[in-house]
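Biologist: I've got a model here and I'd like to go through the labels with you. Mind if I ask where they come from?

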Amino acid sequence: MMSLEAQLSSKGPAIVDASNPPICSSCGKLVAPLEKGVKFPCPNCGSVTLWRCKDCRSLGVRYVCPKCGFEGP
Ligand SMILES: [Zn+2]
Ligand SMILES: [Zn+2]
């Protein structure tokens with residue numbers, strides 16, 4: 001059985017911390033400032049800022065919102 005609730009990451013309100021380094025939501029790597037990464041709010045819940053690195057963007061790797069579980073290209 002697969003459980004979507006395997007990731008228990010519900011701790012407090014979703015605050016975008018400026019000190020958090022941008023992490024690619026697809027591959028989990030740091031998005032370098034000089035790299036053409038993109039950031040956007042989750043299209044579903046809008047309360048999480050998702051990052052994608054240049055590679056995942058061009059490859060169309062899926063990302064998953066850590067808050068609502070939305071998957072998108
Ligand atoms: Zn990536
Ligand atoms: Zn979301």
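**Fold and labels**

Modeller: Going along the sequence, the chain runs β-β-α-β-β. That makes one helix and four strands, and bear in mind that this is a predicted model.

Biologist: What makes residues 71-72 count as strand β4?

Modeller: A strand needs a DSSP run of E of at least two residues. Strand β4 covers residues 71-72, Gly72 among them, so the run qualifies under that cut-off.

Biologist: Why is Gly72 called partly exposed?

Modeller: Gly72 has 13 other C-beta atoms within 10 Å. Exposed means 12 or fewer and buried means 20 or more, so a count in between is partly exposed.

Biologist: And which residues does Gly72 contact, leaving aside neighbours within four places in sequence?

Modeller: Those are Pro43, Arg62 and Tyr63. Contact here means C-beta atoms within 7 Å. As for Ser26, 46 residues away along the chain, its C-alpha atom is 9.9 Å from that of Gly72.

Biologist: What makes the set with Trp51 and Tyr63 a nonpolar core?

Modeller: Its eight residues are Cys24, Val31, Cys42, Leu50, Trp51, Cys53, Cys56 and Tyr63, and it's the largest such core.

Biologist: How much of the chain counts as buried?

Modeller: 16% of the 73 residues.

Definitions and conventions. Residues are numbered from 1 along each chain as its sequence is written. Chains are lettered from A and ligands numbered from 1 in the order in which they are written. This is a predicted model: local features need pLDDT of at least 70, side-chain atom pairs count only at pLDDT 80 or more; totals for chains, interfaces and linings use all residues. A nonpolar core is a set of buried Ala, Val, Leu, Ile, Met, Phe, Trp, Tyr and Cys residues joined through C-beta atoms within 7 Å. Two residues are in contact if their C-beta atoms, placed from the backbone, lie within 7 Å.
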